Amino acid sequence: MGIRVGDEVSRVGECERGTYNFITEGPVRAMFELKYEGVPIAGRSYDITHRISIYAGDLFYRNKVFVDGLRGDEELVTGIVNMQQKEFFELEESGYKIVASHGNQAFLGENPGMAILVPANQFIETWKSPDEGDGIVETHMIALRLNEEKPSEYCFFSGWEYQDEGFKTRDYFENQLIIAAKKMSDFNSSK
């Protein structure tokens, strides 16, 4: 996870104080928070809370990111690793923009699929980082809108043929992404 100001993306990590807060663990959901106070980015300082929720039966985990100290020109950045040089593809379903990769991208030649699901109203753009150099490399990058009034949200999805042989094929993977987007849309509309 990072913050982009202008053309520069800075990874969130270095901070004045970082804390972990366990919120809940049970048969339906587990939730915890990572807090970063005094994150230096582009000569500024931010306080960031990253809340991660995992629900039983989901193939994805949910992220909510709260940023204090915004000036209005920042974007939240997340991504999918691209060490095997797979092209990403995009889908739209149930109010979600989905950025994904699928194919031979594991150490033993497996065909895992990875994706980020973003509410369409928070999605800005996607691009590929450089393959080498300083900073974030070999990653499919996704930019989201930041708003101090409410969190930015996204889901990270993964599917691997060792958990379900269907994930060997891109069609099956795409179908599972569509199911996940519909589930998130239904979940958010029931709040």
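Select Arg44 first. At 15% relative accessibility, Arg44 counts as buried (buried is under 20% relative accessible area, exposed over 50%, partly exposed in between, with a 1.4 Å probe and protein chains only). This is a predicted model: local features need pLDDT of at least 70, side-chain atom pairs count only at pLDDT 80 or more, and totals for chains, interfaces and linings use all residues. Residues are numbered from 1 along each chain as its sequence is written, and side-chain values use heavy atoms, with hydrogens and water left out.

Helices (H or I, at least four residues) and strands (E, at least two) are DSSP runs, numbered from the N terminus. Asp73 is partly exposed, with a relative accessible area of 39%.

Stay on β5 and pick Arg51 with Glu33. Their side chains form a salt bridge, again given as 2.7 Å, N to O. Glu33 lies in strand β4 and Arg51 in strand β5, so the pair ties together parts 18 residues apart in sequence. Glu33 is buried at 7% relative accessible area. Arg51 is partly exposed at 24%.

Between those strands, select Ala42. Ala42 lies in the loop between β4 (29–41) and β5 (44–55). Its phi is positive, about 55°, although Ala42 is not a glycine. At 43% relative accessibility, Ala42 counts as partly exposed.

Ser94 is the next stop. Look in the loop between β8 (89–93) and β9 (96–102). Phi of Ser94 is near 50°, a positive value in a residue other than glycine. Ser94 is partly exposed, with a relative accessible area of 29%.

Strands β1 (residues 2–5) and β2 (residues 8–11) pair in the antiparallel sense over four bridges (pairing takes at least two DSSP bridges between two strands). Val5 stands opposite Glu8 in β2. Two residues lie between the strands, and Gly6 takes a positive phi near 65°.

Arg4, Glu75 and Glu125 are linked in a network of them. Lys128 and Asp131 meet through their side chains at 2.4 Å, N to O. Lys128 is partly exposed at 33% relative accessibility, and Asp131 is partly exposed at 40%. The count comes to 14 salt bridges.

Switch to a surface view. Phe107, Leu108, Trp160 and Tyr162 make a nonpolar patch of about 580 Å². Patches take residues with over 30% relative accessible area and no salt bridge; like charges are joined within 9 Å, nonpolar side chains (Val, Leu, Ile, Met, Phe, Trp, Tyr) within 5 Å. Tyr162 sits in the loop between β13 (152–159) and α1 (170–189). At 53% relative accessibility, Tyr162 counts as exposed.

Finally, zoom out. The chain has one helix and 13 strands. Along the sequence, the pattern is β-β-β-β-β-β-β-β-β-β-β-β-β-α. The C-alpha atoms fill a box of roughly 45 × 40 × 30 Å, taken along the principal axes. Buried residues make up 45% of the 191 residues.

Methods: Areas by Shrake-Rupley, 256 points an atom, 1.4 Å probe, with all protein chains shown as cover. Salt bridge = Lys/Arg side-chain N within 4 Å of Asp/Glu carboxyl O.
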